[in-house]
Amino acid sequence: LVLRPPLRFLESMTQHSKSSMTVRSLTANLDILHIARSTSSWDYGSSPIARILSGEDNGPECLVGGGHVPTSTPGCEFRPELCKASELLREELRGAGEMLHHALGTLDGLVFRAPGDEPRPTIMVNCAAYETMAQPMEEDAMFYATRGYVYVLVWQSGPREEVADRIFERWAADAARVLDWIGEQPWCNGCVGTHGTSLVGSTAYAATQAAMNTNPGRPTVCALAPVVSFSRVYPTIMLSGRGIATELVFRFMWMAEIGTRMSEIQGLRNAMNKWHMLSFFAFNNFPGLWKAAELQPLSEADEAMWGRPNKIIRQGIAALEPEDPFWARSYHGEAQVEVSRDVQCDIAGLQEKCPPIQIIAGLWDIFFQQCLDDYAAALKAHGTHENVKLLVFASEHLKAASRFAEISVNHLLWFDKHLMRLEQDEPITGWVRENGVFRPTSKNVILEVFNACEGEDCWLEFDAYPPPATSQWELFFHGQGGKLGELRLDGDQYSTQTSILSYTYDPRDPTPNVGGGWLNYMNGGPKSQRNLERRPDVLVLTSKPLSQAVTVAGPLRATLFVRCSAPQCDVVVRFCIVQAATGLRHLGNLLDTVAWSGLGTGRSLNLCEGFVRQDFCNEAGQTSADPVRIEIELLPTCTRFHEGDCMRIQICSAAHPKYQRHSLRSPAQRAGDWLGEYELGCPATIELINDSKHRCSLQVPVM
């Protein structure tokens with residue numbers, strides 16, 4: 001379900017064979033579409049999508065996830081003038097003997113278009129290592145073809161060594177080869193659009209950069225629409241030099257090695273891989289992940305996870321700086337293209353050549369910060385927000401990617417505007433679903449509000465990001481002793497007496513991450529923090545219940561004064577909402593929580609967090625007796641706090657295996673403490689100091 005493409009409005013099942021594809025409607029249970037390889041016809045008017053868009057069938061049940069697309073939706077109405085042909089061609093590159101080769105590998109693919117060689121815009125999608133994503137995306141491709149586009153869908157072919165070991169560096173070479181081939185076709189009008197979700201969105205960024213090449217026959221990328229994706233690899237995997245995102249790295253690479261390779265999951269002999277694929281989505285702890293994360297050296301976890309050494313794992317986790325040759329951009333002579341394992345597209349560097357870009361992100365997404373960085377870079381390149389759009393769902397990575405209907409109508413509007421050059425009568429920037437019905441948006445930044453009640457505005461719209469805050473609250477910390485404390489809004493009443501909150505971090509029992517997991521379907525997004533907050537290695541500070549409703553929208557900042565017995569340690573700050581456990585609306589919270597040791601009732605849910613790896617040594621190299629000031633930027637949120645809800649923050653020193661736990665190894669290693677073989681260090685005592693000179697606080701943007 002998660003890997004189905006955005007344009008699968010209708011619940012359907014697809015049967016594939018070497019010669020044909022049949023789509024059956026689950027609601028009608030009859031054949032409505034048959035496309036034979038290369039030449040058979042498709043009756044557009046009989047397709048379920050056409051019936052929805054022409055107004056013949058507008059029932060909410062027709063859309064995946066519910067919802068209703070009005071027949072007047074700009075960019076979604078039935079346009080017979082774009083679909084003059086009665087036939088639709090499905091051309092196989094392999095069948096035509098035209099598999100695309102370059103120095104770093106081979107690409108297989110499909111082309112969907114109406115017959116004839118008249119020039120028309122092209123949509124290009126490279127599934128790269130995610131081979132199995134290509135099959136369900138054929139519906140996506142066919143629909144665009146009926147609207148007058150040529151849809152080119154490719155994926156990497158070849159052995160695992162050629163695909164998984166080159167997963168980042170070959171995206172640019174892939175893009176250059178496909179774009180050059182498209183430019184040679186008589187039906188190409190020189191204008192290409194590209195989109196994709198997660199990794200596939202990164203290949204779209206790579207195509208945008210490759211289109212800047214001086215090759216005169218290479219078409220231009222005129223519109224870009226990545227979904228929960230990233231233009232750079234290093235900042236997320238290596239946490240911008242602060243550590244390593246262990247869970248993301250091994251889940252991501254397992255998908256490239258096994259999970260999305262057809263040869264690895266077909267047939268009875270691959271039953272174990274199918275079981276792992278099921279557990280990838282169904283289990284909180286992916287089998288073998290925790291054990292692999294504890295291996296020494298960590299670089300050998302690849303063989304434990306999928307049975308063979310991987311070049312990206314072996315070399316990448318030791319490349320600690322973005323300037324390292326492993327990450328740096330270089331010119332590949334044989335492929336005749338610049339390649340990089342990090343920067344897939346220098347968006348700001350494109351300047352006026354940067355195409356219109358629509359970025360769809362998620363509040364709990366793996367790549368949320370990267371999406372915001374890409375948005376800022378696009379604003380810098382364009383110099384205006386007119387052709388730069390940001391849509392943020394209140395979802396984590398996999399659930400944001402599965403919001404097919406909303407992604408679909410926004411993609412259609414974006415490509416029709418910038419590729420087909422279709423003008424709309426009204427200044428509509430996109431569409432969002434509210435109470436089961438789509439409504440238009442008029443701004444270029446649209447944020448979904450988490451925890452909004454029925455009847456409240458569940459979307460906020462702005463001209464640019466970050467949104468302007470009505471006020472900036474500063475919540476001061478006040479310790480109550482032990483591991484519990486209070487958040488106070490009134491700084492004038494701050495206690496002048498020293499209060500110390502403390503906990504002990506043990507690398508042999510690292511604090512786990514609960515919620516917000518990376519590529520973890522069962523542990524993603526907002527999750528109950530009850531069990532985590534009961535741990536002795538987590539500080540918990542809570543505000544009094546709010547007297548009125550407020551919306552927190554934008555990034556948060558924590559200022560801490562910390563003393564640590566170890567020369568270096570991690571500090572994690574997590575912002576939570578504690579939903580009031582009163583009234584019918586919160587009946588579920590009463591069932592979910594029980595008052596415990598001062599935590600009170602109410603359901604605590606994680607909203608956003610920040611993470612730093614901090615040195616605690618003075619100039620002499622000794623552990624400092626004075627508290628160290630730490631500024632931590634938390635990721636943004638967009639959350640409605642109702643009357644009676646509380647704000648809460650957690651402070652701990654691990655979120656394992658989301659971030660690789662600090663080993664506290666001795667002797668201390670300032671960077672890459674996970675490298676090589678070592679002994680785990682002694683537990684560290686961390687103290688949070690609060691007094692008149694050291695005022696710990698949290699800045700919260702409130703609307």
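Among contacts in the chain between residues at least 6 apart in sequence, what percentage join residues at least 24 apart? In this predicted model, the share of such contacts that join residues at least 24 apart is 74%.

Figure 1. The largest nonpolar core holds 88 residues, and within it Tyr-151, Ile-167 and Phe-252 touch the most other members. Helix H7, which covers residues 246–259, gives the most to this core, with nine residues. Apart from this core lies another one, of 78 residues, and among them are Val-449, Leu-460, Leu-560 and Ala-654. As a general background to this view, nonpolar side chains tend to be buried together in soluble globular proteins.

**Figure 2. Phe-252 and the residues around it.** Phe-252 is found in helix H7, and it counts as buried because its relative accessible area is 6%, which is under the cut-off of 20%. When residues up to four places away in sequence are not counted, Phe-252 touches Tyr-130, Ile-167, Phe-168, Leu-199 and Leu-519. A further pair to look for in this view is Phe-252 and Trp-518, which are 266 residues apart in sequence, although their C-alpha atoms are 9.4 Å apart in space.

**Figure 3. His-102 and its polar contacts.** His-102 has its place in strand E5, which runs over residues 100–102, and it counts as buried because its relative accessibility is 16%. The side chain of His-102 makes a polar contact with the side chain of Asp-174, at 2.6 Å, and it also reaches the backbone nitrogen of Leu-104, at 3.0 Å. Leaving out residues up to four places away in sequence, the residues that His-102 touches are Leu-107, Arg-170, Ala-173, Asp-174 and Arg-177.

**Figure 4. Asp-180 in helix H4.** Helix H4 spans residues 171–184, and Asp-180 lies in it. With a relative accessibility of 19%, Asp-180 counts as buried, because the cut-off for that word is under 20%. If its neighbours within four places in sequence are left aside, Asp-180 is in contact with Asn-215 and Arg-218.

**Figure 5. Helix H2, a mostly covered helix, and the glycine just after it.** In helix H2, which covers residues 137–146, ten of the ten residues are buried. These buried residues include Glu-138, Glu-139 and Asp-140, as well as Met-142, Phe-143 and Tyr-144. Just after H2, Gly-148 takes a positive phi of about 100°.

**Figure 6. A nonpolar patch on the surface.** Met-272, Trp-275, Leu-278 and Phe-283 form a nonpolar patch on the surface, and together they have about 400 Å² of accessible area. Trp-275 has its place in helix H9, which runs over residues 271–282, and with a relative accessibility of 41% it counts as partly exposed. The reason for this label is that partly exposed residues lie between the cut-offs of under 20% for buried and over 50% for exposed.

Note on methods. Residues are numbered from 1 along each chain as its sequence is written. This is a predicted model: local features need pLDDT of at least 70, side-chain atom pairs count only at pLDDT 80 or more; totals for chains, interfaces and linings use all residues. Side-chain values use heavy atoms; hydrogens and water are left out. Helices (H or I, at least four residues) and strands (E, at least two) are DSSP runs, numbered from the N terminus. Buried means under 20% relative accessible area, exposed over 50%, partly exposed in between (1.4 Å probe, protein chains only). A polar contact is a pair of N or O atoms within 3.5 Å; within protein, one must be able to donate a hydrogen and the other to accept it, and residues adjacent in sequence count only if both atoms are side-chain atoms. Contact means heavy atoms within 4.5 Å. Patches are made of residues with over 30% relative accessible area and no salt bridge: like charges are joined within 9 Å, nonpolar side chains (Val, Leu, Ile, Met, Phe, Trp, Tyr) within 5 Å. Accessible areas come from the Shrake-Rupley method with a 1.4 Å probe; for residues, only the protein chains shown count as cover. A salt bridge is a side-chain nitrogen of Lys or Arg within 4 Å of a carboxyl oxygen of Asp or Glu. A nonpolar core is a set of buried Ala, Val, Leu, Ile, Met, Phe, Trp, Tyr and Cys residues joined through side-chain atoms within 4.5 Å.
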